[in-house]
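This report describes a single protein chain, from its overall fold to selected contacts. Please look at the sequence and model shown here before reading on.

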Amino acid sequence: MKTVLVDRLLAFTAIASLGAVAVALVSQHVFDMQPCAWCVLQRLIYLAIAVFAVLGLMLRRFAPAQKACSGIVALLALAGVATAIYQHNVASQLMSCDQTFADRFMTGSGLDGALPSVFGIYATCADAAVDLLGVRYEIWSVLLFAVLAVAGVAALLLRRRPRSLFAGAAH
């Protein structure tokens with residue numbers, strides 16, 4: 001039962017992370033809400049979370065590897081919380097994200113040039129401050145990252161029942 005719960009937590013994490021990136025891309029390409037450096041850094045974190053969640057699912061038969069993936073998911077989600085809070089409290093007040101950590105990281109990684117439709121930086125932090133249902137995008141992101149962190153920690157801490165050599169045999 002607990003193995004199924006861990007799998008469900010990791011599957012939820014992957015789907016929610018990919019869903020967040022999909023919402024961001026629809027917002028950008030359909031509704032012309034252009035992203036700043038901190039926005040695209042959060043996209044990268046969501047994608048990394050999805051990769052490790054799927055990897056954890058694929059490694060379900062090797063508990064230590066699945067636990068490691070769950071721990072990485074939790075750490076990435078906490079990094080996402082910090083990133084979104086920084087965007088809300090600091091970066092959104094700046095007229096330029098130029099030379100901030102997010103800008104240097106994204107341009108240094110080359111992802112902005114390799115996949116500009118996903119990781120291109122097209123707005124300043126102040127210009128990218130928009131609402132969704134009356135709540136700023138980065139606040140939605142903080143909330144989702146927090147949920148993903150809880151899911152990662154839960155998947156990490158849930159103990160798997162050891163399989164008996166005689167599983168299925170009558171006792």
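The model is predicted: local features need pLDDT of at least 70, side-chain atom pairs count only at pLDDT 80 or more, and totals for chains, interfaces and linings use all residues. Residues are numbered from 1 along each chain as its sequence is written, and side-chain values use heavy atoms, with hydrogens and water left out.

**Overall make-up**

The chain has 7 helices and 2 strands, where helices (H or I, at least four residues) and strands (E, at least two) are DSSP runs numbered from the N terminus. Their order from the N terminus is α-α-α-α-α-α-β-β-α. Of the 171 residues in the chain, 37% are buried; buried means under 20% relative accessible area, exposed over 50%, and partly exposed in between (1.4 Å probe, protein chains only). The accessible surface is about 9,400 Å², and carbon and sulfur atoms hold 70% of that area; areas come from the Shrake-Rupley method with a 1.4 Å probe, and for residues only the protein chains shown count as cover. Among contacts (heavy atoms within 4.5 Å) with a separation of 6 or more, 82% join residues 24 or more positions apart.

**The core**

A nonpolar core is a set of buried Ala, Val, Leu, Ile, Met, Phe, Trp, Tyr and Cys residues joined through side-chain atoms within 4.5 Å. In the largest one, which has 36 residues, the members touching the most others are Leu10, Trp38, Leu41, Tyr46, Ile49, Phe145 and Leu148. Two or more residues each are given to this core by α1, α2 (37–58), α3 (63–89), α4 (101–109), α6 (116–119) and α7 (137–157). The largest share, 9 residues, is that of α2. Leaving aside neighbours within four places in sequence, Tyr46 contacts Ser17, Ala20, Val21, Ser141, Leu144, Phe145 and Leu148.

**Thr13**

Thr13 belongs to helix α1 (residues 2–29). Its relative accessibility is 1%, so Thr13 counts as buried. The Thr13 side chain comes to 2.7 Å from the backbone oxygen of Leu9. Not counting residues up to four places away in sequence, Thr13 touches Ile49, Ala53, Val73, Leu148 and Ala151.

**Helix α4**

In α4 the buried residues are Ala102, Asp103 and Met106. They lie on the same side of α4, because they cover an arc of only 100 degrees around the axis, the arc being that of the directions from the helix axis to the C-beta atoms. These buried residues pack against α2, α5 (111–114) and α6. Just after α4, Gly110 has a positive phi of about 80 degrees.

**Salt bridges**

Side chains of opposite charge can pair when their charged atoms come close. The structure holds 2 salt bridges, each a side-chain nitrogen of Lys or Arg within 4 Å of a carboxyl oxygen of Asp or Glu.

| Pair | Closest N and O atoms |
|---|---|
| Arg60 and Asp7 | 3.0 Å |
| Glu138 and Arg136 | 2.7 Å |

Arg60 is in the loop between α2 and α3 and Asp7 is in helix α1, so their pair ties together parts that are 53 residues apart in sequence. Arg60 is partly exposed at 35% relative accessible area, whereas Asp7 is buried at 15%. In the other pair, Glu138 is buried with a relative accessible area of 3%, and Arg136 is partly exposed with 22%.

Technical notes:
A polar contact is a pair of N or O atoms within 3.5 Å; within protein, one must be able to donate a hydrogen and the other to accept it, and residues adjacent in sequence count only if both atoms are side-chain atoms.
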